[in-house]
Amino acid sequence: MADDANEQESEHESERHADENRLVAERRAKLHRLREQGEAFPNGFRRSALAGQLVAAYDAHAPETLERENVVVSVAGRMLAKRVMGKNSFVKIQDRSGQVQLFIQRDVVGQELYADFKKWDVGDIVGARGRVFKTKTGEVSVEVSELELLVKSLRPLPEKWHGIADQEFRLRRRYVDLIVNEQAREAFVMRARAITMLRSYLDALGFMEVETPMMQPIPGGAAARPFVTHHNALDLTLYLRIAPELYLKRLLVGGFERVYELGRVFRNEGLSTRHNPEFTILELYQAYADFRDVMELTETLIREGARALLGRTQVEYQGQAFDLEPEFPRLTLEEALLRHNPELARDRVRDRTALAALADARGIPVEDEFGAGKLQLELFEKTVEPRLAGPVFITHFPAEVSPLARRTDGDPFLTDRFELFIAGRELANGFSELNDPEDQAARFRAQAEAKARGDEEAMVYDEDYIRALEYGMPPAAGLGVGIDRLVMLLTDSASIRDVLLFPQLKRES
């Protein structure tokens, strides 16, 4: 049965390609005739109004008012629908603001132009000039007096837009997706607004936006496998950054006490609904603050962001409802472990033997070099994280898995670190920064030893960063927010690919 289904799918795909090739050939022939007649791609048309704004401005006007005011506009956009009714035709065009209807009459535009217009195709880009009026059904429209074909579209727009094949098509041909899928366009408008809001919010708090190197001689600031490149002139191996953290904290040393960067980072990892090899992150650092201050900033940022972008603090994500208005609860990682693993005794929550036995029972691989802190994290990620509806802050991560975070006073096993979870997904990570150069050097050495044992995600010893700390970095706290996951939450998008204009994909077959 599966083979029959695959064969039918293959036959359907072949038929679709054949139909598309035939339509493309017909459109190329039309373009050839246009070239013979003169300029096929004119660039002299200028519009005076946008489609969506035009509709919004005159939707409340009575037809008699529009008749009296005689508003004449020039509009341009892609033709998404065309209905020819003898001497009269209706067309829907779309520009960046929305859609508007054109009413085209043979007796107004002329018989020759009207005959040409009837051969134009959905997908063509047109320009029109005319009077704004309302149809009998009350739709704001433009009664066209002048009409021009600006761009001949050679490829037809898809007629159907659903199913697995179409999902693949959407991602590979995002430009087509944006033409026909209003929801996709809205998601990326929301993304742009979110980034603008974040910048405005931080600027108002006295943070300064900076830029740090994307190609770095040492990959640092996070535990991840980097992408490797080569600088020919310097004969130097470089790495696409996995985080801007260590450069931003060098700026704290230099006296910039509040800095942030919004930009791409690159991690050589697999693809999933939550992971893309390149993604956008917000990282900020604030001197004379600790992780509690940054938790409060994070909570306010998320709450006010939702209010500003959605007009509410109630968010629905994949069928789950979240209210961002109440104070976000806080739970230590160890408390979360005990809550979701009742067979783990409280007095053995740091016992490596007990943790290894529990991990083994849960089917979690255990390496000989894993300490109690690493095992805690493995158990947390597999047994707790998916159950965290949130919003909730998980605090005090083990020092073993937090090589850049400050140890908790009175408990060196832990660090003053938190992660924010909403819908079972990490949205933000922050901590009080480690500014003790000797402690940081020791942790770098431990990371280097782990890398030597084969841990490709362990950090490299960064001698210059230690030197910077030796000049003295003020007490500080930092924060990283995954912009893509934040936009996923705000737009109810199931996959990170839905909020990336051009996500990484497997090679096209």
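A: What follows looks at individual salt bridges, their place in the chain and the accessibility of their partners. The model is a predicted one, and the structure holds 41 salt bridges. Side chains of opposite charge can pair when their charged atoms come close.

In helix α6, which spans residues 163-172, arginine 172 and glutamate 168 lie four residues apart, about one turn of the helix, and they form a salt bridge in which the closest N and O atoms are 2.9 Å apart. Arginine 172 counts as partly exposed because its relative accessibility is 23%, and glutamate 168 is likewise partly exposed, at 36%.

Glutamate 245 and lysine 249 also meet in a salt bridge, at 2.8 Å from N to O, and they are separated by about one helical turn because they stand four residues apart in helix α9 (residues 245-253). Here glutamate 245 counts as buried, with 5% relative accessibility, and lysine 249 is buried as well, with a relative accessible area of 0%.

Arginine 199 and glutamate 209 form a further salt bridge through their side chains, at 2.9 Å from N to O. This pair links distant parts of the chain, with arginine 199 in helix α8 (residues 182-204) and glutamate 209 in strand β6 (residues 208-209), ten residues apart. Arginine 199 is partly exposed at 29% relative accessibility, and glutamate 209 is partly exposed with a relative accessible area of 34%.

Beyond these pairs, a network of salt bridges links Arg27, Lys30, Asp121, Asp124 and Lys152.

Technical notes: Residues are numbered from 1 along each chain as its sequence is written. This is a predicted model: local features need pLDDT of at least 70, side-chain atom pairs count only at pLDDT 80 or more; totals for chains, interfaces and linings use all residues. Side-chain values use heavy atoms; hydrogens and water are left out. A salt bridge is a side-chain nitrogen of Lys or Arg within 4 Å of a carboxyl oxygen of Asp or Glu. Helices (H or I, at least four residues) and strands (E, at least two) are DSSP runs, numbered from the N terminus. Buried means under 20% relative accessible area, exposed over 50%, partly exposed in between (1.4 Å probe, protein chains only).
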